[in-house]
Amino acid sequence: MKRKWELAWRGLKGQPWMNLLIVVQLVITFFISISCISIFQEKYAGYAAIETLSAGTGTVFFHHGIVKQDGMFVQDSSELEEMLPGSTFVSCYSVMAEVNFGEEKLPLEVRAYDQEIIDAYRPRMEEGQWLEDCDGEEILHVVVSQGSGLQVGDRLDLESAIPVDPGIENVHLPAVVSGVLDADAYVPGFQVGDPERRDSSWLFQSANPEYGSNQLLLINESELLRVKENLGCLVISGEMGNLTWMSRPADMMESQKKAQDDMLGMMLQSVEMEVDFQELRENTEFSFREDMLQIVPVFLVALLVTFLSEISAGAIAARTQMYRYGIYQLCGLSVKGCLGIHVRGSGLLTGIAFVLAVLGAWGMERFGWAVGGTVIRLGWMQAAGGLLVAAVNLAIACWIPLRIIRDRSVYETLYKEK
């Protein structure tokens, strides 16, 4: 076994330039597969979230708040559900809070999400975890955008951004950073888009200030309510704002729908966008298919061209090894043994190329070596794609020499390949 690996390595050293060409082609092949899978994941994450949040019948709308008859803003979706029985609401919240980091005030936009949004969509993370409900009793677990300068484990405190009435204690809410968003992450939130595209592109905004966004601090709404109650801090309010999904049962009577629409219309402040669930799902599915039809063929053609080039280089490399394999057969090694040496050599080249491709992808993912960012990811799907490419490459590596020597005697191989 060890001897075969030594012979495989010796054969590789005898053709350095040809093997370098094969490694370069394999690196390109691996990188194409990683990129293709990464783009699919990025697009599919938004598509799947919309399919989940917009199931059934209902409407999603962008607004600046919902005001009750007493002039106060609605602070929780469950409160609105009590006012409009039968309808279900899932929302984003604008939290009226200032963020302190030690003695420094941070210019962060504080936003909270209902649990359904948190479960449906997970943005790309630089470090730490997304908004998991940690059952915290007296501390918030928050996620911040990368440009905030904060790291996982940093301690913050939140105070009301609205002046507190005299005689009311301004209790601060303690918080800990549990996650930092990737520089190119998208988060649920309204984004001005093409008015002709009433799809998911309206519902996710960049967390990167370079694209016009504010620095963000994100909170789990249920955890915010629990910690506020446990600490007795009622001065920090999270008001329904930005995006809200309103679901209704299919059998709700039209008269009840109209009454609720009229009531909600009087309470909503500055509705700038409203899309029916079915239209949103259909448009998002159409956009997803269009994106894939534009991207996937390009990658498949590039992958095919690279594979064909690699097969040509592999065939040349295999033929130059045939005389060596003829000598091995003359010394008693079987055809299977010769194939084993060739596959080991190809396996070494494949392993080197895979490591180089992963390092390149990691560099792009970690440092964003691309104009306008990158969607490169590394995960189990990319690993599976790499293993598939490696398996195809090794199958080709086994097939090429087999085609050459399977019908030849040892003497024919030595004579023809000399």
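In which helix does L356 lie? In this predicted model, L356 belongs to helix α8, which spans residues 335-367. I shall return to that residue after an overview of the chain.

The secondary structure amounts to 10 helices and 14 strands. The chain has 418 residues, and 48% of them count as buried. Among contacts with a separation of 6 or more, 79% are between residues 24 or more positions apart. The accessible surface is about 20,900 Å², with 59% of that belonging to carbon and sulfur atoms.

Let us turn to helix α5, residues 221-231. Its buried residues include E221, E223, L224, V227 and K228. These residues lie on the same side of α5, because they cover an arc of only 160° around the axis. As a general point, an α-helix has 3.6 residues a turn, so residues three or four places apart point the same way. The cover over the buried residues of α5 includes the strands β2 (88-95), β5 (109-113), β7 (140-144), β9 (173-181) and β12 (216-220). After α5 comes G232, with a positive phi near 70°.

Now back to L356. Together with I352, V355 and L359, L356 forms a nonpolar patch on the surface, and the four have about 350 Å² of accessible area together. L356 counts as partly exposed, because its relative accessibility is 44%.

Finally, the annotation. An unreviewed UniProt entry places the feature "transmembrane region" at residues 20-40, 295-318, 339-363 and 383-402. In the model, residues 20-40 are 100% helix and 0% strand, and the end C-alpha atoms of that stretch are 30 Å apart.

Note on methods: Residues numbered from 1 in each chain as written. Predicted model: local features only at pLDDT ≥ 70, side-chain atom pairs only at ≥ 80, totals over all residues. Heavy atoms only, no water. Patch = residues over 30% accessible without salt bridge, like charges linked within 9 Å, V, L, I, M, F, W, Y side chains within 5 Å. Areas by Shrake-Rupley, 256 points an atom, 1.4 Å probe, with all protein chains shown as cover. Salt bridge = Lys/Arg side-chain N within 4 Å of Asp/Glu carboxyl O. Helix = DSSP H or I, 4+ residues; strand = E, 2+ residues; numbered from the N terminus. Buried < 20%, exposed > 50% of the residue type's maximum accessible area, 1.4 Å probe, protein only. Arc of directions from axis to C-beta. Contact = heavy atoms within 4.5 Å. UniProt positions renumbered as here; feature names shortened; annotations may be inferred.
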